[in-house]
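Subject: Structure for you to look through

Dear colleague,

Please find the structure below, with its sequence, and read the notes that follow with both of them open beside you.

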Amino acid sequence: MTDSTFDVAICGAGPAGMALAALLARRGMAPNRIALIDARTLGQAGKDPRSIALSWGSRQILEDIGAWPVAATAIHQIHVSRRGQFGRSLIDRDEHKLPALGYVTRYGDLVTALGAACERAGIVMLRPARVQAINEGDDAVALALDAAGTARSLHAAIVVQAEGGLFSDQESKARRHDYQQTAIIAQVRASRPVEHRAYERFTGQGPLALLPQGDEYSLVWCVRPESAARLQGLDDDAFLAELGAAFGERLGRFTHASPRLAFPLGLNADPRGTVRTVAIGNAAQTLHPVAGQGLNLGLRDVTVLARLLAQGANPAMLAQFTELRRQDRDTTVRLTDTMARVFANDSPAQALLGLSLAAIDMIGPARGVLAELMMYGRR
């Protein structure tokens, strides 16, 4: 059994955990006082092929960390519509005088860039290692680890939970809702792609997002569980035909799909921590993927927490963090929860929702507010 003492121990070396470690070092915390713990090696995490959406604000955070550029496709426009109803909204980068509204990259590429930033900074990385127990005392938190079969203990003034996992695997938090939706994830190709334009299409069962990525689109199609099971059982041609019927003909015909994955969707959020522990990112709030806000909200958590802990790794800073992040977290949770619930049905009121999209598109300030929330959160 070996023992070490740190100012901050971060449990979970996903994008939020690694971004926090690297940013703490850039803000002046000694890197040998920061421990980053994860069950996977960096090489294993770097092979993860999932696609993720980064807002413009998230790119700015990654630049500050030194983890940008990464291989990514820029989003210049976001087209929002409701299937079967009049009205749509188009958000364009030119209105905001930005080179992009956001970016689509692969999870593996992002964590590789963040891992390199952590290594350059000299962060203590304990991986592969699993946290077996956490015991909080008056002056520190004790963690018991299993590091590749070797028992290890460490103490930290502050422990950050940054390992979220899937909704279906999580313990219930204070605010929890099962949307009775499953997200089907795949890479697809279309016969008439529109470069750098992302689509958010609302259907009777849930949102359907197509995010440009190279010469393909990253698909996130949210449907009821029974529909997901049926769609997963189709061959590629039949699946692509169903996708075309749900999305429409804006991109022509869908011609190719990668192997599909499926994940249950729900809201599971609780901003509360303890005196010496705090949760960030997906560990604090698991959101519906509509509008792609989960990781971006987590990176905003990171910037505030890093600034505070660099001033002092103590309970007073955690109390400030919770208060400072309250508004942005609450707004983003309400936004995604409302969109997931209200747009996912076939009631007659959907015509009014279609008209609301048309109104947003015609009223510049309303469109600007929506874009600001998606790019930067509530500031």
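I begin with the second largest pocket, whose lining has, by class, 11 nonpolar, nine polar and nine charged residues, where Ala, Val, Leu, Ile, Met, Phe, Trp, Tyr, Cys and Pro count as nonpolar, Asp, Glu, Lys and Arg as charged, and the others, Gly among them, as polar. Please keep in mind that this is a predicted model, in which local features need pLDDT of at least 70 and side-chain atom pairs count only at pLDDT 80 or more, while totals for chains, interfaces and linings use all residues. Residues are numbered from 1 along each chain as its sequence is written, and side-chain values use heavy atoms, with hydrogens and water left out.

The volume of this second largest pocket is about 810 Å³ (the space filled by probe spheres set on the grid points, which are joined across faces, edges and corners). A pocket here is an open set of points on a 1 Å grid over the protein atoms alone, where a 1.4 Å probe fits, with protein on both sides within 12 Å along at least five of seven lines, and lining residues have an atom within 4 Å of a point. Of the 29 residues that line the second largest pocket, Cys11, Gln161, Glu163, Gly164 and Ala283 lie nearest its centre. Strands β9 (130-136) and β18 (277-279) each supply at least two residues of this lining; strands (E, at least two residues) and helices (H or I, at least four) are DSSP runs, numbered from the N terminus.

Next come two pairs of helices. The axes of α1 (residues 15-26) and α5 (residues 107-121) come within 9 Å and cross at roughly 25 degrees, which makes α1 roughly parallel to α5 (angles under 35 degrees count as roughly parallel, over 145 as roughly antiparallel). Axes are lines fitted to C-alpha atoms, for helices over the stretch in contact, and angles run from 0 to 180 degrees between N-to-C directions. Contact means heavy atoms within 4.5 Å, and the residues that meet include Pro15 and Met18 in α1 and Tyr107 and Leu110 in α5. By class, this contact of α1 with α5 has 13 nonpolar, one polar and no charged residues.

For α8 (residues 294-311) and α9 (residues 315-342), the axes come within 10 Å and cross at roughly 165 degrees, and the two helices are therefore roughly antiparallel to each other. Their contact includes Leu297 and Arg300 of α8 and Met317 and Leu318 of α9, and its residues divide into nine nonpolar, three polar and six charged.

Finally, some points about the backbone. Most residues other than glycine have a negative phi, and most peptide bonds are trans. Gln180, in strand β12 (residues 175-190), is not a glycine and yet has a positive phi of about 55 degrees. The peptide bond from Trp68 to Pro69 is cis, with omega near 15 degrees, and Pro69 sits in the loop between α3 (56-65) and β4 (72-75).

How values were computed:
Parallel < 35°, antiparallel > 145°, perpendicular 65-115°, else oblique.
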